[in-house]
Amino acid sequence: MITVERLTVAFGAVYALREVSLRAETGKITAVLGANGAGKTTLLRTISGLVAPKSGTVSLDERVLTRRKPEEIARLGVGHVPEGRGVIAEFTVEENLRLGAIVARVPLADGLDEQYEAFPVLGQRRKQHAAKLSGGERQMLAMARALIARPSVLLLDEPSLGLAPLVTAQLMATVAELCATRDLTVVLVEQNASSALRIAHHAVVLNVGTVVADAPAAEVAADERLRQYYLGMVE
Amino acid sequence: MSGTARRGALALVGLAVAVALALVLAPRASDAIAAAAVATVTAVAAFVGSLPAVRAEHPALARAALTVVLIDVVVFATAFLSVPTDFNLATGAGMAIVLLGLSFLTGASGQISIGNGAFMGVGAFATAIWANHHATTPIVVTLLIAVVVGALFGLLLGLPATRLRGPYLAGMTLAFAVAFPAILSSFSSWTGGDSGLQLPNPVTAPHWLVGLFRAGTPTLTTDTLWLTDIVMVVTGVAFFFMANLFASRTGRAMRLVRDNDVAAELVGVPLPRTRVIAFVVSAAYAALGGALWTLLNNSVSPATYGFALSITILAVIVIGGIGTISGAIIGGIVYAYSTNVIAWFVARTGLDPQGNLASQLNGIIFGALLIVTMLFSPMGIAGTVRHLRQRRSQRERG
Amino acid sequence: MDSFLTSRVVTDILGGLTNGAIYGLVALSLVLVWRATRVLNFAQGAMPMFATYLGMGLLSYHWPYWVCVGVCLVAAFAIGALTERVLVRPLYGKPEINPIVVMVGYLIILEAFAAAIWSTTPRSLPAPFSPIDWRLAGQPVGLSPFSLFEVVTALVVMGAIVTLFRFTRLGLQLRASALAPEVSRLLGVRVGRMLTLGWMLSTAVGAVTAILVASNFFTGLTPQLMDGIFAFGFIAAAVGGLDSPVGAVASGIALGVVLQFVGDFLNSNAIILVALGILIVSLMVRPNGLLTRSTARRV
């Protein structure tokens, strides 16, 4: 479980997050929604230690993560798939996965087998440079690379960005399945609210750095005002 | 216009005092007339340069006036200093020109050269070689030839610079500095090999000047003074041109290249050309400095222009303040007096002056200053002073 | 082709390989640091020089040769780590000339300190193997046990570095830290340590090079030992591409052979001139090196 309490983040005089509090339950998908610049990416980057907050805390279960280095947080079981996927294009598919397995406690071969089973296309292209992969394949690689370390928390930043609707749907299904089978805590940041709400249990809506809604996903999806003003979902 | 009137009155008073002093102190009538003439020119230039209208609308004229004042003051001072001091200052002035070129390269394009000692050597040898073949060429022409040769070498090395990122260019200039001694010995029939070259005849003052003016002390001859002052005047002119270049459209375009080359390209600054121009200018300035050193020493030796000089040049300009004009002047003074200061320090601390430590103190101090400057105040002395002044004026206002 | 010319060509190739191995090692050490931290280390020659003085100085206290070599390597690791932590770390993210200037300052200060402590008089190091050429039919062949040792050492070091980078977990982390530091940190890679390690490895490769160079009868160990070698090493690295370890090594060896011919058939002054010409031309043709895939600069 990830607990964020009264988190404030500022870049110079610009506030990216103001007093944001939220909870992501274990075994559930928590969607973080909002327009461009709402502070969604900053929230994830603060959780994983890339950005230092001005005040407030982030904890993983009972452990406080704030002021730890990103590499330490990763070693505590937080997997972060960054915006734009962060796949290392100069590496082969397998090298990317091996890098993800650096902090894993299971043998490398088992981890690789597991991921190739979950994402067969990666197995077929294991010797290819990641630069040659399509957008959807890169997203799968980025997810597999995070999962191979057996994290307890998965932070996903805009996984649907640049993907075709069909691929997005497939991806969301995979996320939902992973969450259920592995008891993962998933924080899913999305601009594409409808596809995220379809799989999420809980949803938090951010607007210019503040929380404007924090409710079960179904409620958010049903709220006409939220849909119109913050999620840009017009029938 | 009362401000102008007041400035005019001040200038007149200053002029009167200077003329009176000249008439009282000068041993001969002709000296007094010369001194009075210099004072008049200075007063007029100071007056014109200080007018707000001139400074606002004709900045180049204001800079010209400032240059005249500074040259006058320095030239006047050299007549009263000792021969070693004059020689030291002139050496520092030659170095200041080199530093100015490097400062421009970095300040205007964000590039750096570790080979400017070699470009300096190009100018120094070009001067000596030319003078040995055409002994009657006027000094100005010889200096110009040295500048052109330096610029050509700069162009040759600068051509790849059009597409190079900083570290590659720095490495290439370093290779040039390391290769320079070999270049000199490859052409030893021209460059005189290891022993270098002598000038066929030393620089002497023209007859009309000797008739008009005689230096005050027996050691400081008119010829020595003439040589020193030529260096000072050339330095002044070089700084004047550079100040204008810094302020010009080209200079602004270059600073944009330094700060953000992608943005510069987007607004239409031709990157390759800008980079090459900056590099060529810095090479030409280095060559001019080297040419003046040849005149001052009446000879040139290849040992002077080794790798160590290139590194020293980089060190003093960084300490003075790279990217600024005043940094070049400060660097020149630091260069001129570093040897004296270190000798004084060695004497004070009782180190063995012949010992290993004393002989390496120069490198240790320069190296340490270079690192400390870059880590804590990358704009050097000039930048730090400017920063402090800005802070003070802000505090006074707020 | 008459036999005299044949033997001259063979001798040049063998001698060139020996020099080229040295250039390749310097180029490799430059590439290691450049890839890890985007710093062109102008003190790349001076740091190992200092380590070599520290280690090989123990020879005068009758320490065994190979123990001294070990001490050199340990000293190199320490110098590399300290340098990265103290001098280089504050420079990340600064304009690219800042690290250049700092490393030049470091070069000055290291050479000055070495001269202050150990004087500028060359100190001869014993070569571990005979530096006298083998003879074939009474003619020296351009290869001695020591120069063979140089080539073998260079190949072993290069092979070790390539193996480390290509096939080990540590190498994977080293490469990832250089290519994508932020992503690497998110995956739990201790990027700071990797950068330090890059500097340590590079200085150690440099120390091996410095020992080989200083063991040459004609040079001996001096504070300025590596100045000239550095220039050739840089030229090799720049021609091969600062991002490519294999390219750096290959162009170092090629440069050594070409320059040996230049020195033999023209004259010794022409060597650095030709090298400079090669550098200028190759940078004009391929600014990122001849042996790298050209990639657009990241903005």
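Biologist: In chain C, at what angle do helix H9 (residues 227–240) and helix H11 (residues 268–285) pack, and how far apart are their axes?

Modeller: Two packed helices are described by the angle between their axes and the distance between the axes. Here H9(C) and H11(C) pack at about 25°, axes 10 Å apart. Axes are lines fitted to C-alpha atoms over the stretch in contact, with angles from 0 to 180 degrees between N-to-C directions. Helices are DSSP runs (H or I, at least four residues), and strands are E runs of at least two, numbered from the N terminus. So H9(C) is roughly parallel to H11(C) (angles under 35 degrees count as that). This is a predicted model: local features need pLDDT of at least 70, side-chain atom pairs count only at pLDDT 80 or more, and totals for chains, interfaces and linings use all residues. Residues are numbered from 1 along each chain as its sequence is written, with chains lettered from A and ligands numbered from 1 in the order in which they are written.

Biologist: Which residues of H9(C) make the contact?

Modeller: Contact means C-beta atoms, placed from the backbone, within 7 Å. On H9(C) they are Phe232(C), Ile235(C), Ala238(C) and Val239(C); H11(C) brings residues including Ile278(C) and Leu279(C).

Biologist: And over in chain A, how many bridges join strand E1 (residues 2–11) to strand E2 (residues 14–24)?

Modeller: Strands pair if DSSP finds at least two bridges between them. E1(A) and E2(A) have seven and run antiparallel, with Leu7(A) opposite Val20(A). They form a hairpin with two residues between them, and Gly12(A) in the turn has a positive phi of about 65°.

Biologist: Which residue of E4(A) is the bridge partner of Thr8(A)?

Modeller: Ser55(A). Five bridges join E1(A) to E4(A) (residues 55–60), also antiparallel.

Methods: Angles under 35 degrees count as roughly parallel, over 145 as roughly antiparallel, 65 to 115 as roughly perpendicular and the rest as oblique. Two residues are in contact if their C-beta atoms, placed from the backbone, lie within 7 Å.
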